[in-house]
Amino acid sequence: MARILVIDDVPAFTALLRMILETLGHQVTEANDGLSGLSMLEREPFDLAIVDMMMPGLDGIELIRRLRARDAPRAPSIIAMSGGTDDFPAAFSLNLSAMHGADRMLYKPFDNSELASAVDELLAARAA
């Protein structure tokens, strides 16, 4: 079982991810914006953070940049996710997230198997 933090500004989406990840046997915590997510990451250890790129206030790219500036051994693996907006396509924000340290990227909408595969892959890499 891994400790996973899901950060997204759409509560229904974080609740859906929680349900999927808990079904897979993980312990899940939710944050509904980038600042509260960053605060949780600074206070508690997590194995994995799943971060939306487009959030008001502290966006996912800045959150990842700040997280990667921390002590690397304590930093969780990061999955960046985005559906894009009219102004910024998902590929643009996900490419930026990779440049700042995201370990995997998921385009919204994604299916349960894509999420499970990304989570399993990153957790296995952490354990190795």
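1. Two strands are taken to pair if DSSP finds at least two bridges between them, where strands (E, at least two residues) and helices (H or I, at least four residues) are DSSP runs numbered from the N terminus. The model is predicted, so that local features need pLDDT of at least 70 and side-chain atom pairs count only at pLDDT 80 or more, whereas totals for chains, interfaces and linings use all residues. Residues are numbered from 1 along each chain as its sequence is written, and side-chain values use heavy atoms, with hydrogens and water left out.

2. In β5, L106 is the bridge partner of M81; strand β4 (residues 77-82) runs parallel to β5 and is joined to it by four bridges.

3. These strands belong to an open sheet of five, ordered β2-β1-β3-β4-β5 with parallel pairing. Because β2 (27-31) and β5 (104-107) stand at the edges with a single partner strand each, one side of each is left without a neighbour in the sheet.

4. Helix α4 (residues 90-99) packs on the sheet, touching β4 and β5, and its direction makes about 165° with that of β5; contact here means heavy atoms within 4.5 Å. Helix α5 (residues 112-127) also packs on the sheet, touching β1 (3-7), β3 (48-52), β4 and β5, with its direction at about 175° to that of β5. Angles run from 0 to 180 degrees between N-to-C directions, and axes are lines fitted to C-alpha atoms, for helices over the stretch in contact.

5. The axes of helix α1 (residues 11-23) and α5 come within 11 Å and cross at roughly 65°. The contact is made by L17, I20 and L21 of α1 together with N112, L115 and V119 of α5.
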